[in-house]
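Subject: Structure for you to look at, with notes

Dear colleague,

My notes on what was found in it follow below.

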Amino acid sequence: MADHSSASSYSELQEIRKLLWGPYVKEDVFRRWAQGFHFSKDEPTALVQCEGGPCAVLAPVQAFILKSLLSETVGNNWREVDVDKCNELLVQAACDILTQASERNGGHYIVVHMNNDVRSLTSPNSVLTNGEEPLENPSTELIETSAKRQKLEHEHFHTQLRLLSLERVEDVEAFYFERIAILRETFGVLLLLYSVISTKGVEQIRSEMNDPTEPLIDGTYGYGSQSLINLMLTGRAVGHVWDHDQDVGGLKLRGIDCQSEVGFLALLEHLRYCEVGSFLKNPKHPVWVLGSETHLTVLFSLEKRLVSPETPSEVARRVFKSFDPDGNNFISAVLLQDVLRALELVSEAEYVEIMTRKLDAENLGIILLNAFMEEFFPEQKQSTPDTFTLFHYNGQPRSCPDGRVVYQEGNAVLLECDMKCVLESNPMLTCLQTKWPNIEVQWLSGVTPSLN
């Protein structure tokens with residue numbers, strides 16, 4: 001391992017600073033981001049968010065913590081985790097996110113730390129501790145006290161930053177394990193974020209953004225942009241959540257290019273403000289970050305069949321609906337040939353004409369989803385179970401019942417009908433219906449969890 005030269009480090013950190021905050025940093029916004037990763041005293045593996053803003057980092061990290069936790073053999077006591085295991089899950093999540101950024105940029109890692117976090121480096125393969133004891137589930141009060149003891153001005157923070165280059169993720173893991181306080185103390189969230197950006201590379205990030213002049217953190221409200229969220233979730237700082245790149249009026253708009261480890265669902269999709277593609281809706285693990293207008297939370301399940309490979313009928317339903325962007329459960333009859341071609345079914349003109357007359361017997365000019373499925377994919381069962389248990393995480397204590405950050409449990413059922421009831425008064429259900437249109441959920445607490 002090796003520290004970057006002071007000149008190159010200074011230049012790189014200045015570029016990271018501009019990319020994140022813009023031409024200047026507002027102190028009140030910076031202070032909202034000045035928090036470490038610490039866990040709820042009521043839910044050992046649930047991170048607590050102190051202020052609005054850093055959910056763009058906290059929610060993805062929480063999603064990767066749950067991914068690692070649920071990837072193991074899960075018994076009835078999966079929520080009973082000790083401090084050492086929490087630290088292990090946190091480090092694993094940080095390494096997973098850094099690895100995604102590293103794979104996109106040559107496979108090396110750069111860890112950003114404070115000046116006094118590394119006091120001696122003896123060899124390329126050894127890391128010495130700095131004498132600090134790991135924090136054991138620090139409370140909000142401890143974090144706030146720690147914050148008051150430190151100078152929270154951004155100028156002080158940025159002058160203390162150093163870059164450390166590492167070749168292997170095992171070295172990163174060892175570094176964080178022996179200095180867990182780097183992640184757990186006041187600037188942990190920012191230090192991980194700076195490490196992700198430095199590992200990925202500022203120029204590479206700018207090349208993926210829609211508008212590279214826009215900062216990743218909103219200067220007024222402190223919210224992370226979609227590019228920042230996507231960077232943390234997938235390793236790509238693209239500005240859209242649809243599959244692949246799209247050409248809109250000659251303008252290339254970049255999207256998600258492969259199936260993600262953890263997913264993303266957006267409340268605003270039901271208003272057509274965005275389009276979440278199947279790569280994010282159908283991730284490798286049953287964990288989804290949920291985006292409202294102002295906040296990010298996390299949904300997850302122990303039911304691995306929720307992310308099992310699609311059956312042919314599920315593929316057909318998804319493709320059909322891609323030609324039905326308004327969610328009407330029917331398409332124009334003139335699109336039948338395109339749907340058949342997309343599914344690699346027989347699509348010769350004569351055959352399409354015969355099927356159009358059969359599926360649109362009343363000559364209404366439309367083809368219903370149910371009629372299409374019954375004709376081409378009769379009696380094929382879905383791989384998704386009809387009932388399953390969901391859990392929801394919201395890191396803001398003020399948004400949780402009794403101010404306790406715990407996982408809210410709900411029993412979900414997928415109704416047989418294709419009709420859905422959009423309730424503006426139930427943002428949670430509306431958001432979940434972008435993934436499962438016919439879902440209903442009964443939350444055990446009797447209170448629907450908040451997305452905000």
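A residue is called exposed here when its relative accessible area is over 50%, buried when that area is under 20%, and partly exposed in between. Please keep in mind throughout that this is a predicted model.

Turning to the chain as a whole, its secondary structure comes to 17 helices and 13 strands, and 53% of its 452 residues count as buried. Among contacts between residues at least 6 apart in sequence, 70% join residues at least 24 apart. The accessible surface comes to about 20,500 Å², and carbon and sulfur atoms account for 49% of that area.

Six strands form an open sheet in the order 6-7-8-11-12-13, and their pairing is mixed. At its edges are strand 6 (263–266) and strand 13 (439–443), each of which pairs on one side only, and neighbouring strands of the sheet are turned by 30 degrees against each other on average, if direction is ignored. Helix 3 (residues 55–71) packs on this sheet, where it touches strand 7 (287–291), strand 8 (296–300) and strand 11, and the direction of helix 3 makes about 15 degrees with that of strand 8. Helix 11 (residues 226–234), for its part, lies across strand 6, strand 7 and strand 8, and runs at about 155 degrees to strand 6. Within the sheet, strand 11 (residues 387–393) and strand 12 (residues 408–414) run antiparallel and are joined by six bridges; in this pairing, Thr389 stands opposite Asn411 in strand 12.

A further stretch carries an annotation from a record: an unreviewed UniProt entry lists residues 311–346 as "domain: EF-hand". In the model, the chain over residues 311–346 is 50% helix and 8% strand, and the end C-alpha atoms of the stretch are 19 Å apart. Which residues of helix 13 (residues 312–322) are buried? They are Ser313, Glu314, Ala316, Val319 and Phe320, and what covers them includes strand 9 (330–332), helix 14 (336–342), strand 10 (366–368) and helix 16 (369–376).

Thr199 is found in helix 9 (residues 188–200), and because its relative accessibility is 0%, Thr199 counts as buried. Which backbone atoms does the side chain of Thr199 reach? One is the backbone oxygen of Ser195, at 2.8 Å, and another is the backbone nitrogen of Ile110, at 2.9 Å.

Note on methods: Residues are numbered from 1 along each chain as its sequence is written. This is a predicted model: local features need pLDDT of at least 70, side-chain atom pairs count only at pLDDT 80 or more; totals for chains, interfaces and linings use all residues. Side-chain values use heavy atoms; hydrogens and water are left out. Helices (H or I, at least four residues) and strands (E, at least two) are DSSP runs, numbered from the N terminus. Buried means under 20% relative accessible area, exposed over 50%, partly exposed in between (1.4 Å probe, protein chains only). A polar contact is a pair of N or O atoms within 3.5 Å; within protein, one must be able to donate a hydrogen and the other to accept it, and residues adjacent in sequence count only if both atoms are side-chain atoms. Contact means heavy atoms within 4.5 Å. Accessible areas come from the Shrake-Rupley method with a 1.4 Å probe; for residues, only the protein chains shown count as cover. Two strands pair if DSSP finds at least two bridges between them. Axes are lines fitted to C-alpha atoms, for helices over the stretch in contact, and angles run from 0 to 180 degrees between N-to-C directions. UniProt positions are given in the numbering used here, feature names are shortened, and annotations may be inferred rather than shown by experiment.
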